[in-house]
Amino acid sequence: MLEAGHLDRVFGALADPTRRAILARLAEGEATVNELVAPFGLSQPTISKHLKVLQGAGLVSRGRAAQFRPVRLEAAPLAEAAGWIGNYRGFWEAGLERLEAYVEELKGKESGHGED
Amino acid sequence: MGKIEPAEDLSFVITRHFDAPARLLFEAWSRPEHLRRWFGPVGWPLTLCEVDFRVGGRFRFAMTGPDGRQNTPFGGEYLEITPGRRIVYDNGFDAPGAEKMIVTVSFEETSGRTLLTMHTLFASKAMKAMHLGAGFEWGVGSGLDQLAEMVAGMEQPTVG
């Protein structure tokens, strides 16, 4: 499960259409910063700024050794964020169902002590 | 602090009837030895369960998933306790800057049966959206749907 601060960063990163387009491009394969600049018609510093946000959210990583440090998509946080969403209702319905079984057990214990 | 949002937009309510007195349900919510037995889904045991059940006292929980890894702890403070009737606490992940929700659990007993109402007040629309699955509607647009679908079907990227 992603911690809340990390989820905030993931959702913050995904809230921008340019950054979503960059991710969609990277889903086709890794790319250098220059390769990303061309199709978006934005300046290199602007693309780099977006990449920094994506990197801070763990959604992309940069190659270390290669000269052009290609950017690649990191799918795990995205998949985790998608899986984590919507859990709250299910989480509590599951818990309250267990609680129902558990209070039956508690009731049984009480009556076992001679009350009923 | 962000802008002020209407409280009704930030709320979420879940209710359930129990064939048990309020007193027992209240007890099940207030003691760690009980909480460990039912809190959360099957397969996600509370492996950290510290409870100082008094107004101003704190609780701290963490669950361990099927992969054996303990997840980020969460917890908060008991804000209000009315024995057998009502428990109010705040709750958030143990992470810097994590937002907190305020949870009110009330127990209404009628002839031996109890209606449990759990009301959650999220700190922001984004927090609510994140927890309730409206995340895709929250200023994100349909592009993310496709992206998430695509990514779900993807292999992990190979390294190097």
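Two residues are in contact if their C-beta atoms, placed from the backbone, lie within 7 Å. With that definition in hand, select chain B of this predicted model. Among its contacts between residues at least 6 apart in sequence, 31% join residues at least 24 apart. Now select chain A, where the corresponding share is 51%.

**Chain A as a whole**

Keep chain A selected and colour it by secondary structure. Six helices and two strands are present, and along the sequence they follow the pattern α-α-α-α-β-β-α-α. Chain A has 116 residues, of which 27% count as buried.

Next, colour chain A by pLDDT. The chain averages 80, and 80% of the residues score at least 70. Where in chain A is confidence lowest, and where is it highest? The lowest mean, 61, belongs to helix α5 (residues 75-84) of chain A, whereas α4(A) has the highest, at 94. Where pLDDT is low, the predicted coordinates should not be read in detail.

**Two helices of chain A**

Select residues 17-27 of chain A, which form helix α2. Show the side chains of R19(A), I22(A), L23(A) and L26(A), the buried residues of this helix. Turn the view until you look down the axis of α2(A): the buried residues fall within an arc of 100°, so they line one face of the helix. An α-helix has 3.6 residues a turn, so residues three or four places apart point the same way. Just after α2(A), select G29(A), which takes a positive phi of about 150°.

Move on to helix α4, residues 44-56 of chain A. How far apart are its end C-alpha atoms? They are 18 Å apart, which agrees with the 18 Å that its 13 residues should span at 1.5 Å a residue. After α4(A) comes G58(A), with a positive phi near 75°.

**Chain B and its strands**

Return to chain B. Its 160 residues include 24% that count as buried. Four helices and seven strands make up its secondary structure elements, in the order β-α-α-β-β-β-β-β-β-α-α.

Select strand β5 (residues 86-93) and strand β6 (residues 101-110) of chain B; the two run antiparallel and are joined by six bridges. Within this pair, V88(B) has T104(B) in β6(B) as its bridge partner.

**The nonpolar cores**

Finally, show both chains together. Which residues touch the most other members of the largest nonpolar core? They are V103(A), L25(B) and A28(B), in a core of 18 residues. At least two residues each come from α6 (87-112) of chain A and from α1 (22-30), α2 (32-38) and β5 of chain B. The largest share, six residues, is supplied by α1(B).

Centre the view on L25(B). Leaving aside its neighbours within four places in sequence, L25(B) is in contact with V103(A), F18(B), A20(B), F107(B), T114(B) and L116(B).

Notes: Residues are numbered from 1 along each chain as its sequence is written. Chains are lettered from A and ligands numbered from 1 in the order in which they are written. Two strands pair if DSSP finds at least two bridges between them. A residue is buried if 20 or more other C-beta atoms lie within 10 Å of its own, exposed if 12 or fewer, and partly exposed in between; C-beta atoms are placed from the backbone. The arc is that of the directions from the helix axis to the C-beta atoms. The expected span of a helix is 1.5 Å times one less than its number of residues. pLDDT is the predictor's confidence in each residue, from 0 to 100. A nonpolar core is a set of buried Ala, Val, Leu, Ile, Met, Phe, Trp, Tyr and Cys residues joined through C-beta atoms within 7 Å.
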